[in-house]
Each structure stands twice: as C-alpha cells, then as structure tokens.
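Please keep the viewer open as you read.

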Amino acid sequence: MTGALSHIRLLDLSRILAGPWASQILGDLGADIIKIERPGKGDDTRGWGPPFLPDAMGDASHDAAYFACCNRNKRSLALDITSPEGQQIIRDLVKTSDVLIENYKVGGLAKYGLDYESLKAIKPDLVYCSVTGFGQTGPDAHRAGYDFMIQAMGGLMSVTGQPQGTPGGGPVKVGVALADVMTGLYATISVLAALNHRAVSGEGQHIDLALLDVQVATLANQATNYLITGKAPTQMGNAHPNLMPYQSFPASDGHFILAVGNDSQFARFCELTGLAGLAEDERFLTNRARVENRDILTAKISAITVDRTIDDWLALFGREGIPCGPINTLDRVFAEPQVQHRGMQVELQRPDGARLPGVGNPIKLSKTPVRYDIAPPFLGEHSRDVLTRDLGLNEREIEDLIARQIVETNE
C-alpha cells in the first residue's frame, strides 16, 4: 500500500517548526522528503533541549525532542548550500522534485541562485513555498518573525489569559507555538492546492506564506466580532465571548470544562443539576440572554458544581449528552482510552536501535493511510543515499565532497 502522495518529491530547506511541520505532514502522506541541513549543526531545533532523544543505550543523544516533533519521514542530506557545489546539487535535485519549501529571509536564497525565479528556469512546474514572518512584500517584509512575537503582534495574546485587573491577569502566549503550527497547516493546504492546479494546467507557482497573515486569519470569530462592533476583545480566561455556559467551572476537587452549545442542552443541564428554574428564567432563556447575564449565571452554576467531584460531574453529564471534559495534563492525555484507540502515540526506531515515541498524525484515510517509515533522522543520515540513488554520484565523487566539507554524513 502506498501513500496518497507517494508520487511527490519535496526538497525541504526549512528549519525550526512551520516549514518542517508542513513537510512532515506531506511525508506522512507518502511524499519523499529530502531535508537539507547545514553540516555540523543541522536544523536549529536539534539543539533546542533538554530534553534530548535517547540513544540505543538510553543516554541522551545530540538531538532534542523538539526536533523529533516535526521531522519524521524525512531523509537528511547535510549540505553546504553556500558553496557552488552545494548549490549545484540543489539544482540537480530540483530537476526531479515537485515541491520546495524554504523559510529563509526574503531574498536570502537569491544570492545562491536558489530563489523561485532561478529554479523556475530549471523546473517550470516547480511548486515553491516560501514561509516567512511577514511575507514577501510590505513594509515589514525584511523582518525576521518568530512565533512568540507573531502571537503578540497578530492579536492572539490580547485574547488569551485571565481578565485584566484580576490576579494573574493580562496577555499570555499560547503554550505551544501555535502561529508556527497553523502556518505549517496552511503551507500544507497551499502546496496541495498548487499541486492540484499543476495537475490540471502543467504550471508551477510560488506560494508566499506569512506567519502574521496566518495569525490574523485564524483569529476567527474574535476578529469578526471586532470588525462588526469596532470593539477590541480582551482576555476572558476560560470563558467564551459568544457562548454561555462554555467555560471551566469549579468542582470540589478542581475544575472541569462545560461546553453547552444550544438552548436544549442548557435546559437539560439545568434539569440534571437541580437548576430547572434557570431554563425558564428570561435572563437565561436564550444563548444571547445568557451571554448578556454571564456573571449572574456563572455564579449560580458555580455554587452548584463546587459541591461534587470532577468525576461525578463528568459521569453524570457524559451519560446525558452534555458536552464536558477534564482539564488533562499530558500524562493523562496519552492515558485517555480514546487517544490510545485512535493511535495518537506512535513509535519509530532509529538505525542505532533507539526507539523514539512520537505523536501520531490525526489524518485517517481509508484507502491511503498515513505512514511512519523513517524516524527523525540523524544529521546527514541519508547524505550518501541521496547522492548515490537520487543523483547518481559515484563513491569517489561523494568522498571528495565529504573531504571538502560540502557534504556531511553521520558515519
């Protein structure tokens, strides 16, 4: 059985998270991913630890767990692209590739002759995806962009955290690099769209993807709320600006999530909790009314929920179809029976025998399921393989490149 994209080859000149996230998804779907890395150092995230991946003996290796989160199903070619010989190897690989993803600063690859216009002359139907902080055009195009600053600049932090003026209140970043991850998802969508267009027209194209654009686009209802009202939303903690009750509530042993999505669910919730009168109260009859009287309703519900344990409430609401859930730490996430059933933890083995746990791909395809063929590679693990099998270089030519430090292997 082959992957849905097993006919696609992709050159990955990206580093850190957004670009590698996209290429890993495409690799899981079967694409052949050749990851180009700097000799001696590789992708920056190889050093972003601790924690570090275990080696075959269980000791810490030189590669960080961060690197492993977005670099499986890739062949690592450690290549000095600042050298004329390295640049020529990229050009030769482009001739048989379908996609290239890069996240250099605007114009950064042009000095090496590896920009879109240069490579388009070699491979007219190439899909070339550039991921930057601010895009290829505009007054900030020259600036470097990192997830943290983009979450702030793009508005996500302004709606994340406890309300201003409360203990611990004020803007807070999301606990994962969400701007990077979402940009990786949009990059994946863009590449697939461009490949589909190429299949119809024979044309390649340049994809210009910016973290800031993605962050603004994914503000979703919060952005639309502002554009309609002219009023900028602020932090609301775990509450929802447009739904009620849709937040965390206290139990006798902690907090749990209640996510009531419509009026009938609210009526049933009130019946189960002995608050039946609230469902008939004009202040709470509709979601609009409940949002307008949020503080009063929150106090009434909290006064009831605090009397029983989290497990008691989850069991009761779960049986009756009221959306609710625990606030899990990661150890409990991966212990969830549903998470285990869905195969969201996987394991891959490196050539040295080390077995590495990882997070599964959530895409479930009935005919062409995702694949986990290659563990996050050692730096230069596949250099010799790529040069021999993909470019046809002989042993003498490869040894010469290694001796001149244009290519590195992990041998």
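Which residues do ring pairs link into a cluster? They are Phe256, Phe266, Phe269, Trp313 and Phe317.

A word on the source before we go on. This is a predicted model, in which local features need pLDDT of at least 70, side-chain atom pairs count only at pLDDT 80 or more, and totals for chains, interfaces and linings use all residues. Residues are numbered from 1 along each chain as its sequence is written, and side-chain values use heavy atoms, with hydrogens and water left out.

**Aromatic pairs**

In total, the structure holds 6 aromatic pairs. Rings of Phe, Tyr and Trp (its six-membered ring) pair if their centres lie within 6.5 Å; planes under 30 degrees apart count as stacked, over 60 as edge-to-face and the rest as tilted. Among the pairs is an edge-to-face one between Trp48 and Tyr66, 5.1 Å centre to centre with 80 degrees between the planes. This pair links distant parts of the chain, 18 residues apart: Trp48 sits in the loop between β2 (32-37) and β3 (52-54), and Tyr66 in helix α2 (residues 65-68). Helices (H or I, at least four residues) and strands (E, at least two) are DSSP runs, numbered from the N terminus.

Phe269 and Phe317 form a tilted pair, with ring centres 5.5 Å apart and planes at 50 degrees. Here too, distant parts of the chain are linked: Phe269 belongs to helix α9 (residues 263-272) and Phe317 to helix α12 (residues 310-319), 48 residues apart. Both of these Phe residues are buried; buried means under 20% relative accessible area, exposed over 50%, and partly exposed in between (1.4 Å probe, protein chains only). Trp48, by contrast, is partly exposed at 38%, and Tyr66 is partly exposed at 27%.

**Charges over rings**

A charge sits over a ring if NZ of Lys or CZ of Arg is within 6 Å of the ring centre and within 35 degrees of the ring normal.

| Charge | Ring | Distance from ring centre |
|---|---|---|
| Arg15 | Tyr104 | 4.0 Å |
| Arg46 | Phe67 | 3.9 Å |

**Cysteines**

A disulfide is a covalent bond between the sulfur atoms of two cysteines. The search criterion is a pair of cysteine sulfur atoms within 2.5 Å, and the whole structure gives 0 disulfides. Cys69 is partly exposed, at 32% relative accessibility, whereas Cys70 is buried, at 0%.
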